[in-house]
Amino acid sequence: MAKPVVLIAEELSPATLEALGPDFEVRNCNGADRAELLSALSKGVDAVLIRSATKMDAEAISVAKGLKVIARAGVGLDNVEIPAATAAGVMVVNAPTSNIVSAAELAIGLLLACARSISPAHAALKNGKWARSKYTGAELFEKTLGIVGFGRIGQLVASRMQAFGMKVVAYDPYMQPARAAQLDVALVELDDLLRVSDFISIHLPKSKETANLISTEALKKVKPTVRIINAARGGVLDEAALYEALKNGKVAGAGLDVFATEPCTDSPLFTLDNVVATPHLGASTDEAQERAGIAVAVSVRKALSGELVPDAVNVKGGAIDEAVRPALPLVEKLAQVAIALATDVVANVDVEVRGEISALDVSVLTTSALKGALTGMGAEDVTYVNAPALASERALTSNISTNAESPDHRNLVSVRAACADGSKVLVSGTLMGIKQIQKIVAIDELDLDLKPTSNLLFLRYSDQPGVVGIVGNALGKLKINIADMQVGRTEAGGQALMALTVDSVIPNDLLQIITKETGASLVRFVNLVNE
């Protein structure tokens with residue numbers, strides 16, 4: 001069997017290849033060369049690994065038939081057209097925590113350099129000038145640091161600057177005050193932060209809401225002694241407004257690593273002695289690059305082996321608890337079985353989770369149910385990425401409920417398919433033992449003990465003698481071996497359900513014979529895709 005193809009479009013650390021391992025065919029191209037990139041993608045690849053120079057837009061994604069994963073070895077995804085990837089069922093992953101330490105340390109470095117005029121003093125000394133009096137700086141001790149955007153990087157900066165004896169306030173409309181209080185940081189409104197801060201460090205992503213957030217109006221509210229640091233994203237800080245404020249003494253200094261347009265080699269800001277600037281070095285450490293490469297290599301391995309990747313940015317659910325992961329393929333199979341047993345068009349596939357894992361975030365199981373249901377309906381190329389959109393097109397929905405009580409099993413997951421004619425199908429399963437063996441344990445309240453292997457046969461019929469023999473004889477004539485058989489019934493002579501696992505596909509004409517000879521109200525063969 002041919003190995004999956006991984007295209008590395010930019011230079012990555014050697015540790016990336018080591019983390020990928022020997023199970024892939026690795027190809028290389030220069031992703032910054034558009035023609036070379038499109039040519040490489042058109043030859044068929046399963047995954048592409050990029051950094052910031054490769055543009056994976058709708059055109060590139062459409063050319064890459066069979067592409068399953070775009071992996072960005074870094075944080076930003078400005079060069080990936082996520083809606084186009086999602087529509088194509090392509091998972092987009094990045095390394096969201098790979099550079100947070102490096103970025104935080106660079107912001108602190110810029111802050112210190114700005115406070116003590118290190119850059120211009122260094123340049124002056126190299127030019128033969130001993131200008132001690134000209135470059136008098138400011139201490140950080142007992143000063144107020146205002147952090148705009150109190151996410152992971154902002155929090156790292158806060159903890160490190162508190163060690164300098166700084167008081168820290170933060171603006172972040174999405175942060176819970178209790179969480180900030182645990183970190184000894186006061187959450188304040190942006191206007192208040194601007195007024196009280198001696199230093200301001202920006203740690204926000206660029207968006208419509210944050211574009212030019214620190215504007216001319218904002219800079220009118222700051223102390224004239226304030227120093228402003230931006231090592232997050234260009235465009236959050238209005239560079240023209242900052243230049244005017246610096247030139248007119250309304251702001252004392254600035255440390256900049258990012259710019260509205262990059263690469264940026266010609267800016268009025270670079271003419272000012274009270275500006276220290278670097279060429280977007282936030283993630284440029286050996287450690288960050290290695291972490292990013294390893295992280296996305298691991299994500300690619302998981303994605304191409306059919307696992308859901310916690311760092312996938314276009315998959316609903318976010319990080320998945322290790323205890324929840326084994327339930328993903330089980331729910332897919334339960335949904336496929338439910339669709340097969342349905343007597344009409346299915347409108348929704350709801351999930352119920354009972355037992356220990358009900359206390360965890362199990363919301364991703366709704367996506368798993370949709371994926372399984374769509375596969376059971378015959379949809380092709382369904383992934384965790386495009387399943388919600390494909391389901392929406394079919395007006396198929398999925399909700400989830402939880403219950404800590406599970407009398408018979410440590411954990412029990414059920415998929416309930418509701419049909420347009422008002423009928424419902426309930427399929428329940430569990431994961432048994434240390435090896436987490438998948439079992440279907442009930443269908444419509446009838447108890448079973450069945451492994452959901454590739455080939456399953458189900459019959460609904462009125463309980464009567466001879467049905468088992470008819471089915472076994474019919475399968476035996478075509479040399480179709482029965483691996484397991486389970487029968488559940490409401491009562492003697494009542495409604496019965498027979499479930500079989502078989503070693504090969506059952507042809508349609510044989511299903512018709514079984515239906516006729518048994519008088520079954522329903523005969524369904526299910527070829528599970530995610531076995």
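The model is predicted: local features need pLDDT of at least 70, side-chain atom pairs count only at pLDDT 80 or more, and totals for chains, interfaces and linings use all residues. Residues are numbered from 1 along each chain as its sequence is written, and side-chain values use heavy atoms, with hydrogens and water left out. Helices (H or I, at least four residues) and strands (E, at least two) are DSSP runs, numbered from the N terminus. Buried means under 20% relative accessible area, exposed over 50%, and partly exposed in between (1.4 Å probe, protein chains only).

**Nonpolar cores**

- A nonpolar core is a set of buried Ala, Val, Leu, Ile, Met, Phe, Trp, Tyr and Cys residues joined through side-chain atoms within 4.5 Å.
- The largest such core holds 72 residues. Val 337, Val 349, Leu 365, Ile 440, Ile 443 and Phe 458 have the most contacts inside it.
- Helix 13 (residues 327–341) gives the most to this core, with 11 residues.
- Another core, of 29 residues, lies apart from it; Leu 194, Ile 202, Ala 218 and Val 226 are among its members.
- Beyond four places in sequence, Val 337 is in contact (heavy atoms within 4.5 Å) with Val 427, Ile 440, Ile 443, Leu 456, Phe 458 and Leu 528.

- Seven of the eight residues of strand 19 (residues 455–462) are buried.
- Strands pair if DSSP finds at least two bridges between them.
- Strand 19 runs antiparallel to strand 21 (residues 495–502), with eight bridges. Phe 458 stands opposite Ala 499 there.
- Strand 19 also pairs with strand 22, again antiparallel, over six bridges. Asn 455 has Asn 527 as its bridge partner in strand 22.

**Salt bridges**

- A salt bridge is a side-chain nitrogen of Lys or Arg within 4 Å of a carboxyl oxygen of Asp or Glu. The count by this rule is 17.
- Asp 273 and Lys 134 form one, with the closest N and O atoms 3.8 Å apart. This pair links loops 139 residues apart. Asp 273 is partly exposed at 45%, and Lys 134 is exposed at 56%.
- Asp 191 and Lys 221 meet at 2.9 Å, N to O. Asp 191 lies in helix 9 and Lys 221 in the loop between helix 10 and strand 10, so the pair ties together parts 30 residues apart in sequence.
- Asp 449 in strand 18 and Lys 439 in strand 17 are 10 residues apart. Their closest N and O atoms are 2.8 Å apart. Asp 449 is partly exposed at 36%, whereas Lys 439 is buried at 14%.
- Arg 34, Asp 57 and Glu 59 are linked in a network of salt bridges.

**Selected residues**

- Arg 227, in strand 10 (residues 227–230), is buried yet has no salt bridge. The nearest side chain of opposite charge (Lys and Arg count as positive, Asp and Glu as negative; His and the chain ends are not counted) is Asp 198, 7.8 Å away.
- The side chain of Arg 227 reaches the backbone oxygen of Thr 225 at 3.3 Å.
- Asn 79 lies in the loop between strand 4 and helix 4. Asn 79 is buried at 11%. The side chain of Asn 79 reaches the backbone oxygen of Arg 51 at 2.8 Å and that of Thr 54 at 2.7 Å.
- Val 529 follows strand 22 and is exposed at 60%.

Conventions
A polar contact is a pair of N or O atoms within 3.5 Å; within protein, one must be able to donate a hydrogen and the other to accept it, and residues adjacent in sequence count only if both atoms are side-chain atoms.
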